[in-house]
Every structure is written in C-alpha cells, then in structure tokens.
Amino acid sequence: MASKKEMEVVKGVDLKRYMERWYEIASFPSRFQPKNGVNTRATYTLNEDGTVHVLNETWNDGKRGYIEGSAYKADPNSDEAKLKVKFYVPPFLPIIPVVGDYWVLSLDDDYQYALIGQPSRKYLWILCRKTHMEDEIYNQLVEKAKEEGYDVEKLHRTPQTDPPPEEEGPKDTKGIWWIKSILGK
C-alpha cells in the first residue's frame, strides 16, 4: 500500500454532466450497505440552489432498499471535486444526520466512469454509467486507488443485472436492509 500522501482529486468537475445515474461496479464493504446487496446504484439530481439530491438504491432479497440525501461542495471557493454528503438515518425514521466525504479521485473526460473515495481511505467506490465496465478501465481505476493509498484487496465487485431493475419494485419499507447492514449481515 502506498504512503498516506494527500490524495489528488479531480478539479473542475461539471456538476451538470455528473448528474443522473451511476452504477456501483465495486466498493469497500460498508456498514451502510447490506453485504449481499445487488444492483446498487446512485442517482444524482442538481437542485436549483446548487446542491445535489442523492438517491442511493440497492436490492437485497429481491426488495429495493434506498436512502435519500444531499451533497454539496465542501469548499464553495475551490475547484476541487470534494463534496460532503448528508443522509438522515435510519431510513424508516430519518432523524439522525450523518455527513461524509465524497471525493472524486478519477473521472474520464466523457463522464462515463469514476473513482470515489474519502480522506480516511475507509470507503471507496468504482462507478460507471453502465451496469458493467471493461476490465482494462476497472484495472486502471484500481491502480489509481492503490496510488492514492487504498488497500484495494478490500474491493468487492457489486453484482449488476443487465438490464437493471425497474425503477420501482417491492420496497423494503421497514428499513430491514439498513438494520441488517448495521449488524454486519
């Protein structure tokens, strides 16, 4: 693993181009997501005030679990792609704010794939506009993560179906997926 140098983030991201749907190709396991989640994706929508509406979805045992939040630039005067994301948990009774970092570490010129991390290096995501990614691109992003000091052995590929699930489906209205993920299941 590389030394813990300051991470390089992308500069000058066009938030309008970054909006819409991204599929999770791989990530570090997180207590905020179920271990056996599939078809995990994020949908971003730019709000009039410049903040971003975030919808994170995953399917677990055939049911759609989701959480909504918002993102905003950590420093409005910087051109670095360092954002803060805020969710309220638990999803079935959203009362506790949880704020995290969302740093764009790599983004191709066509806004088709991205590497997302944060300063503690505990979380990492490889995202793509499609449900699959070419191995060459995936390996390039893994190498970039290594250069930024991530232990890429922890990366877990996220199963995706093609075509992806419909927008709506059976919902996990009780937040069971969230409770399971906190318990490590």
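User: What makes β4 and strand β5 count as paired?

Analyst: This is a predicted model. Two strands pair if there are at least two bridges between them. β4 and β5 (residues 82–89) have five bridges, in the antiparallel sense. They are therefore called paired. Ser70 stands opposite Lys86 in β5.

User: What do β3 and β4 form, and which residue in the turn has a positive phi?

Analyst: They form a hairpin, with two residues between the strands. Asp61 in the turn has a positive phi of about 55 degrees.

User: Why is Ile96 called partly exposed?

Analyst: Its relative accessible area is 45%. Buried means under 20%, and exposed means over 50%. The value for Ile96 lies in between, so Ile96 is partly exposed. Ile96 is in strand β6 (residues 96–107).

User: Which residues make the nonpolar surface patch?

Analyst: Phe92, Leu93, Ile95 and Ile96 make the patch, which has about 390 Å². Patch residues need over 30% relative accessible area.

User: How many cavities of 30 Å³ or more does the structure hold?

Analyst: One. The largest cavity has a volume of about 60 Å³. Its lining includes Leu15, Tyr44, Val52, Ala71 and Tyr102. The elements that give two or more residues to this lining are α1 (15–18), β3 and β5.

Key. Residues are numbered from 1 along each chain as its sequence is written. This is a predicted model: local features need pLDDT of at least 70, side-chain atom pairs count only at pLDDT 80 or more; totals for chains, interfaces and linings use all residues. Side-chain values use heavy atoms; hydrogens and water are left out. Helices (H or I, at least four residues) and strands (E, at least two) are DSSP runs, numbered from the N terminus. Patches are made of residues with over 30% relative accessible area and no salt bridge: like charges are joined within 9 Å, nonpolar side chains (Val, Leu, Ile, Met, Phe, Trp, Tyr) within 5 Å. Accessible areas come from the Shrake-Rupley method with a 1.4 Å probe; for residues, only the protein chains shown count as cover. A salt bridge is a side-chain nitrogen of Lys or Arg within 4 Å of a carboxyl oxygen of Asp or Glu. Buried means under 20% relative accessible area, exposed over 50%, partly exposed in between (1.4 Å probe, protein chains only). On a 1 Å grid over the protein atoms alone, a cavity is a set of points where a 1.4 Å probe fits but cannot get out, and a pocket is an open set with protein on both sides within 12 Å along at least five of seven lines; lining residues have an atom within 4 Å of a point. Grid points are joined across faces, edges and corners, and a volume is the space filled by probe spheres set on the points.
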